[in-house]
Amino acid sequence: MERIYQGETPAEVTRRLRQAKGYYITNTARDMSQSDYKNRILLHTDLLAAPSRERAGYFSLEITGGASIHVDLLRKQVDPFVKLQLMRQAMPTTMFQTLCRGVNLFGYRPYPQNVIRLTVREFAPYVDVWRTFDFLNYVPNMRAVFEEVALAGKINEPCICFSTGPEHTDEFYVGKVREILDVTGPDIILGIKNHGGLGTPKRIGQLVDALKQNFPDLSVHYHGHNTDGNDIGRVVAAVLHGATIIDASDAAFTGFYGPPPVLTIIQTLKDEGYEAIGIDEDAIIETSDTLTSQRPYYDQFESQIRGFQPTVQTHKLPGGAMGSSLEQAAKGGFLDKVPEILNKELPRVQRELGNYWSVTPGSQILWTTAVANVLSGERYGNPSGDLKNLLLGKYGPFPFYQPEEWIYQKVLGDDWRHVLETEGGLHENPDVDLAQEKAELHEKMGSEPNNQQLVLYLQHPKDAIAFFKFQEEYGMVHVLPPSIFFKRGGFEIGESMYFTDPQGKEHIVEFGPSPVDDTGVTRVFMNVDHYQRVYNFQPERQTSQNNQASVKLSKEEILDLASAGDVRAPFSGAVYEITVKEGQEVLKGDRLVVMEAMKMQTPILSEVTGIVTGIAVKTGGNLHTGDRILKIDLV
Amino acid sequence: MTKEKKKILVANRGEIAIRIIRAIQELGFEAVAVYEKPDARSLHIRLAHESVLLGDGPRCDYLNIEKIIRAAQAVGAQAIHPGYGFLAENPYFAKCCEDAGLIFIGPTSKVIADLGNKVVARQIMADAGIPMVPGTSNLSQGRKGLDEALAFAAAHGYPVMLKATAGGGGRGIRRVDSDEQMTSQIPTARAEALAAFGDDSVYLEKLVINPKHVEVQILADNHGRTLHLGTRDCSIQRRNQKLIEIAPSMVGKPALLEEICRAAVKAAKAAGYTNAGTVEFLIDRDYNYYFMEINTRIQVEHTVTEMITGIDIVRNQIKLAFGEPLAITQEDVRPRGHAIELRINAEDPKNNFMPEGGKQVLVYRSPGGFGVRLDGIVYQGYEIPEVYDSLLVKMTVHGFTWNETVNRCRRCLHNFVIAGPKTTIPFYMNIVEEPDFIAGDFDTSYLETHPQLFYYDEDKSDVSKLSKFIAEIHHRKHNPFSS
């Protein structure tokens, strides 16, 4: 059997998949990065791995989508389109795959139809396989993406999100697949999106079996996470029952919450008599040999809690959200509460909120709600805007049952019936005026944007602008190796580093002394290509909005200050909402502001009872850990 | 020349002061620099044997004849080299030097005065039979002058140029397109000329549209011998200020250039010219050539002539001023190949060549190799003066063929790294890629007719931006991308 190459038509690809004797493998590099390294694996590293990954003969490389586009802009300072262009140059024959959240695209909330269509059109030239899902398995939410992918001549891989529980029956999923096929027609790949790594191998085998019984011509692509350590079992069961493509990743970077190691799967299935089609095992081994030297740079991004989590079968947190959720807990100072949140509150909230699929953005709603419930002590007392929208049906209908009335009452208020009647339901977001958005972006950037920049801006307005400005000032920093990009604490005098510029020319940087003069200005001496450069740095001043020396505060100090009424940011993020006013009386546990970091909104609650004074933040402002938010005069 | 050690004061600053100091030192003489306070850190002071602080400046002390002569006397200098600009073409300065018994390195004060007066100069050239753009003598004052002007315009047609008699270097010139403009412009031009040059005389010349600017380098000794060092083309200008000069002219008519060179020698002789000078001509589209003026000083662009002839013009200036006869004949002058000089200025071409005064040169890395010459004042750490010109360095490249020279130019521009101020380098990078320039086909309208030259990325250098980023990561112990 031959591998499938980039450039073949969807009809040809699906035809060959149907005839496959054996199975194909998708290297889920993006999901591995997202699940175990907070999405921070650099393009530099992926380019190092590219030559051997290209030779490895994968069905596809999942390299974009999910949260990665946001993180590319926000943390990795790489243009997601430039990334795809460079990866394509390095891997001309391998198909690239994305993970698209349907109506929520690569963001966290529903987008207007014309934004969805433009986004798919701009990404389609670089992305061959479109894995699309909706966290409510609500097929209409995926329709615009299906249509645009088909128009672009790319491969649709609609997903059924998978979970466990009494409602999650084969009949339900078979029905969903029928719904999907009615929309897309037969030339698709069907994805089973097991984002939590839920269910036993037996359960997955049964599901694949049921799908193949009902749709014998449908090629099934199994995607799972190894959170409980048992995804190899599920992968093997999926293939034994007829799945044609499975997801795995390079062993050198495997962790706990991402995909399982590819070579183990190949070895296991070989013994079962199944061939990995097109696969070159030596190239797979070579990839891990190359990547092994890079892993230490990413140590800092690995999860705060390490080790397999068999309890995922209860809390169902998706692998892609494990790292960021635990990071939030660490930064918010409530790591000690995590067992309670994960094992008790989260399963309870899931059942209460309809037992839908815990995946973006639904997983964030469940997690945020569970965290707020535990931290505030009052269940559903501090509902997020996203929870309100969920109850209002803005994301789509609940798949199995609606939450109980008392929850509506808690979240939407006493007149919740009226609110639900007037505001509830799934309303298509009206189209935005793209020309006007482009003009606004033009003004903010100071230069004419292209459609790719517009697409990034429409999804992440603030972060895209910040990125464009960053890139204008500092250039294409993605060429820098992690040894430079992630360096903390400065380099040693005399230390030298190399980097290769975007034109492919190597440069050497040698670090000299950094004397500070009388006025506090630091002069940083560096030799670049043996010529001295001097950079002057003014004494560090406050960079966040409240014009006050940012002092590095520990978690304990922030908590101590909070109990004295001096409310500081417990983590770095943006002010999403200010819920109190100057002079307002607040009680212990009242919500003061809502901060947003990455995709999660976190309410900041008062530790004391008193009067609000000196609000030092504005909505939309950025805060560093320890920056003042407001003060509360104790009464 | 006698063997005794001579001392020469260089009454200038910037790159030309360094150029002259080098020539003085190569002759085995001592060079004395003068400076104003804002130039206290300047490189020319470091290179000279000794230096004299003239005063607080700016500019007024470099223009202060009395102070400079006193400085020369105080250090025991025998001669003064005025360079270009400042006092270089001030006949009164030359006269004061002569009166003080100091050798002025240049022609006599009388010749400077004659040639500095455009109307006198035109008369001399007319008498010598040198072709000239049709023009008037000094216009009479008042109504009579306007009538003369309107009559000239009626005879030769618009557009015409209204020029200040005492002007020069591109200043004091305005274009007139109609009788109405003539009526209104004459009084304004007079007022301006009076303010700028202390003389309100003006005259008219027929405007030659989009000419080539071709000039001839002259050397003349005090013993009656005059020779030329061939032609230069200085057509690429902005606002009448030259940016790029080449030698020889690319006009492609050897007989015409030969004739122009002979005319230049004749013109210099007619003026009684001694020392080094430049006779400027315009060549119109029909290959007519017209005398424009004689510049009685060393010129910025002398380097291109030096590169193709191998003759050190500044060295010759000094020797001629001390009375030595020319050591070479016209037959010894055998220009070889082509040379291009680029004036690398700390200016923003996109912003009407606005000088980048006050900015510091953070990185300076110059090209080298075969056929490359740099004459500059700049160094790493140099601060662009707000009160003087923005010329950083002149890059002159020499090659056997025009094509080789252009390619060398391009290579050198790519090897040049100047970080800090904006410079004309990216603009020149566009020029050396531009087909008309590569074909050697350009006239004074070149910049206007090639607006695409102004489109370029400000800082093409990824390494500059990335280095800055690395410096930030290094300096800030906290790395926002690593948390």
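Mentor: The model is predicted, so local features need pLDDT of at least 70, side-chain atom pairs count only at pLDDT 80 or more, and totals for chains, interfaces and linings use all residues. Residues are numbered from 1 along each chain as its sequence is written, while chains are lettered from A and ligands numbered from 1 in the order in which they are written.

Trainee: Which residues of H12(B) are buried?

Mentor: Buried means 20 or more other C-beta atoms within 10 Å of the residue's own, with C-beta atoms placed from the backbone. In H12(B) these are Thr405(B), Val406(B), Arg408(B), Cys409(B), Cys412(B) and Leu413(B).

Trainee: Why do they line one face?

Mentor: An α-helix has 3.6 residues a turn, so residues three or four places apart point the same way. Down the axis of H12(B), the buried residues fall within an arc of 160°, so they line one face. The arc uses directions from the helix axis to the C-beta atoms.

Trainee: What do they pack against?

Mentor: Contact means C-beta atoms, placed from the backbone, within 7 Å. The partners in chain B include strand E14 (338-345) and helix H13 (425-431).

Trainee: At what angle do H10(A) and H11(A) pack?

Mentor: About 45°, with axes 10 Å apart.

Trainee: How many residues does the contact between chains A and B take from each?

Mentor: It takes 20 from chain B and 34 from chain A. H16(B) gives the most to chain B's side, with 12 residues.

Definitions and conventions: Buried ≥ 20, exposed ≤ 12 C-beta atoms within 10 Å, placed from the backbone. Helix = DSSP H or I, 4+ residues; strand = E, 2+ residues; numbered from the N terminus. Contact = placed C-beta atoms within 7 Å. Axes fitted to C-alpha atoms, helices over the stretch in contact; angles between N-to-C directions.
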